[in-house]
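Dear colleague,

Please find below the sequence and structure that I am handing over to you. My notes on them follow.

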Amino acid sequence: MSKLYDKYFNDEKKDETEIETINGDANIEVAKLTDEVLSNIGDNQENMNVSTHENDIHISKIGDNQKDINFNGNKVDYEINKIEDKKENSNASAKTIQGQKNSKAILIVMCIIFTIVGAFLMYLGVSKTIKYLSFEEVEAEIVYVRTYRSTGRKSTLMAVPTYEFVVDGVTYRVESSTSVSANLAPRVGDKEKIKYNPNDPEEILNFSWTIIIFYVMGSIFGGVGITLLILVLKGKVQVSPTNKSNKTIVNSYR
């Protein structure tokens, strides 16, 4: 009986030892598998981290490239704007120069016109002076005074005297070619010195302030025209158009 018990006990102990061995081997296998799985997971995690880092690097490079593209685009836009500004400034300068040339040409034409008008007035004054000096003087009597009203906004009573004078035994009656205000007109019976044409006594000429006016106005127009023309040609007068109108500004420099 004791043998059977010992055999049973030994067999059971042997079985337990085998079970423990099997469990130990199983635990070792499980540990190996666990370590292998964990190792694989770690490797995969490292690979994932590497891939993520590489992706971050690529994304960073893409961002840098995008920044470079944006910077280059802004630089191109800036250069284009500079070119456009230069074009606008060039066009504005060209328009200004052309406007100055046109204004200067207009001013020169005006100076020439002033000079011509002044010369013409001086010519009238000289011609009338020569004509007046070439006529003969005679004493005439006023025999008639014709009156009329001038036309215009302010009507004025004007008077035109008729002179009677004798030349080489011949009596002439000639109406004056000029009129005066009725308040300043001579009376019938008054006597005055007048000038007549020796070749045609019926052509008479009274001294007139018109001759002096011709000289004065001719001097003013001619002097202004010539003086301003010389200053413009010498560059001492600069002409520049305004921005919003076609008026001309004349700047003089001494």
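Ser176 sits in the loop that joins strand S3 (170–175) to strand S4 (180–181); strands here are DSSP runs of E with at least two residues, numbered from the N terminus. The model is a predicted one, in which local features need pLDDT of at least 70 and side-chain atom pairs count only at pLDDT 80 or more, while totals for chains, interfaces and linings use all residues. Residues are numbered from 1 along each chain as its sequence is written, and side-chain values use heavy atoms, with hydrogens and water left out.

Ser176 has a relative accessible area of 7% and is therefore buried (under 20%; exposed is over 50%, partly exposed in between, with a 1.4 Å probe and protein chains only). A polar atom of the Ser176 side chain lies 3.1 Å from the backbone oxygen of Thr178. Beyond neighbours within four places in sequence, Ser176 is in contact (heavy atoms within 4.5 Å) with Val160, Pro161, Tyr163, Ile204 and Asn206.

Tyr163 and Ile204 also belong to the largest nonpolar core, which has eleven residues, including Ile142. Such a core is a set of buried Ala, Val, Leu, Ile, Met, Phe, Trp, Tyr and Cys residues joined through side-chain atoms within 4.5 Å. At least two residues of this core come from each of strand S1 (136–149), strand S2 (157–167), S3 and strand S5 (191–197). The contacts of Ile142, again leaving aside neighbours within four places, include Pro161 and Tyr163.

Asp168, in the loop between S2 and S3, has a positive phi, near 50°. Most residues other than glycine have a negative phi. Asp168 counts as exposed because its relative accessibility is 79%.

With kind regards

Technical notes: Helix = DSSP H or I, 4+ residues; strand = E, 2+ residues; numbered from the N terminus. Polar contact = N/O pair within 3.5 Å; in protein donor to acceptor, adjacent residues only side chain to side chain.
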